[in-house]
Amino acid sequence: MEVTASIEKERKTNLWGGGTSPLKASYGKIMMWFFLLSDAFTFSGLLITYGFLRYSYPAFSGPVSAFKPSVDYWPIPEKIFDAVPFLHGVHLPLLFVGIMTFILILSSVTMVLAVEAGQRMDRKDVTKWMLWTIVGGLAFLGCQAWEWSHFITGTEEGMALSNGVIIHGANLQVNEYGPPLFASLFFFITGFHGTHVASGVLLNVIIFYNVVVGTYDKRGHYEMVEKVGLYWHFVDLVWVFVFTFFYLI
Amino acid sequence: MEQVVAVEVKPVDKKKVKKLWKIALILGVVTLIEFVMAFTLPRGYLLYAGFIGLTIVKAFYIVSEFMHLKHEAKALIWSIMLPTIFVIWLIVALLAEGGSILNALY
């Protein structure tokens, strides 16, 4: 009797002594958090590489309005990303990428509403909000596909190289918007983020299917929605940083 | 063998949902402010510092409220937040390197 009491006391005073759950979260959730931490390191590596290479190139020294793309200095993003679908030739800097940001923020909200509905065991509401989240993710991917194809196709004027050759658009060899590295980083960083969005949409579809067939009602909880929700919010979080460091600065 | 599961659906917590939409509004407004800043203020380190500050505000709301980290156990919060110190170190180290390369080349 006395021994049991002392063990109980030990457990209360020593949180990490075993027999308790110090992080007060399920195994799956903790592992999702640590996966996201490692993924955050990967994205940090990519974005810091962008910063590193940008710092090792000269910046455009004149006024912003006089900017012309050249391989000699790093481009000003608002002068490069200024196109919007169906408005050909109109200079609308960063508008399209702003729309993409709002789409992703909205799909993050619908995801968190799905999580909230899951905690209430409300299958109808989870179904509704998961569907909106999937729609948001697909809309974002569609926008990115357009953004990529526009970036690859390029402008009518193009850029004249020093040997007189005029190049249009960007790929892994040439880039009419600035140094070739700028295009490589664009493809790598937004591509890696886009891959994350695509796999997030796939996960959301799987969860949506499970919700509709009632898997989580049988299981008694909707924790899978929360775990995939963590991933989906992380994708939004990364976009917030990509938006700032690639498009604004 | 069709099994019918009886599930008790709880009513919507209006206060919680309202708070979520409020955070979404904050995120949207902060993005709009960044937009306005990009086209009204002169480019330079002051503007970049403003962008980074506002980005951290957005990241804070997403991680603490949408990802619910603020309401987790303290030990979990620290195990996620502390390792990001390495990221700060890498930023400082590589930006300094980039600057040195620029000085050496031009």
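**Notes on the A–B contact and the salt bridges**

1. Let's start inside chain A: E116(A) counts as buried, at 4% relative accessibility. Buried here means under 20% relative accessible area, exposed means over 50%, and partly exposed is in between (1.4 Å probe, protein chains only). Keep in mind that this is a predicted model, where local features need pLDDT of at least 70, side-chain atom pairs count only at pLDDT 80 or more, and totals for chains, interfaces and linings use all residues. Residues are numbered from 1 along each chain as its sequence is written, chains are lettered from A and ligands numbered from 1 in the order in which they are written, and side-chain values use heavy atoms, with hydrogens and water left out.

2. What does E116(A) pair with? Its side chain meets that of R120(A) in a salt bridge (3.2 Å, N to O); the term means a side-chain nitrogen of Lys or Arg within 4 Å of a carboxyl oxygen of Asp or Glu. R120(A) is buried too, at 6% relative accessibility. R120(A) also forms a salt bridge with D122(A), with the closest N and O atoms 3.2 Å apart, and both of these residues are buried. Through shared partners, salt bridges join E116(A), R120(A), D122(A) and D125(A) into one network.

3. Over all chains, the count comes to 10 salt bridges. Between chain B and chain A the count is one: E78(A) with R43(B), at 3.1 Å from N to O. E78(A) sits in helix α3 (residues 77-80) of chain A, and R43(B) in the loop between α1 and α2 of chain B. Helices are DSSP runs (H or I, at least four residues), numbered from the N terminus. E78(A) is buried, at 9% relative accessible area, while R43(B) is partly exposed, at 23%.

4. Now the interface as a whole. Contact (heavy atoms within 4.5 Å) takes in 53 residues from chain B and 57 residues from chain A. The two chains bury about 5,000 Å² between them, 79% of it on carbon and sulfur atoms; buried area is the accessible area (1.4 Å probe) that two parts lose on being put together, summed over both.

5. Chain B is divided into domain 1 (13-71) and domain 2 (73-106), with bounds that come from an automatic or database domain assignment. How far apart do the C-alpha centres of domain 1 and domain 2 of chain B lie? They are 22 Å apart.

Conventions
Helix = DSSP H or I, 4+ residues; strand = E, 2+ residues; numbered from the N terminus.
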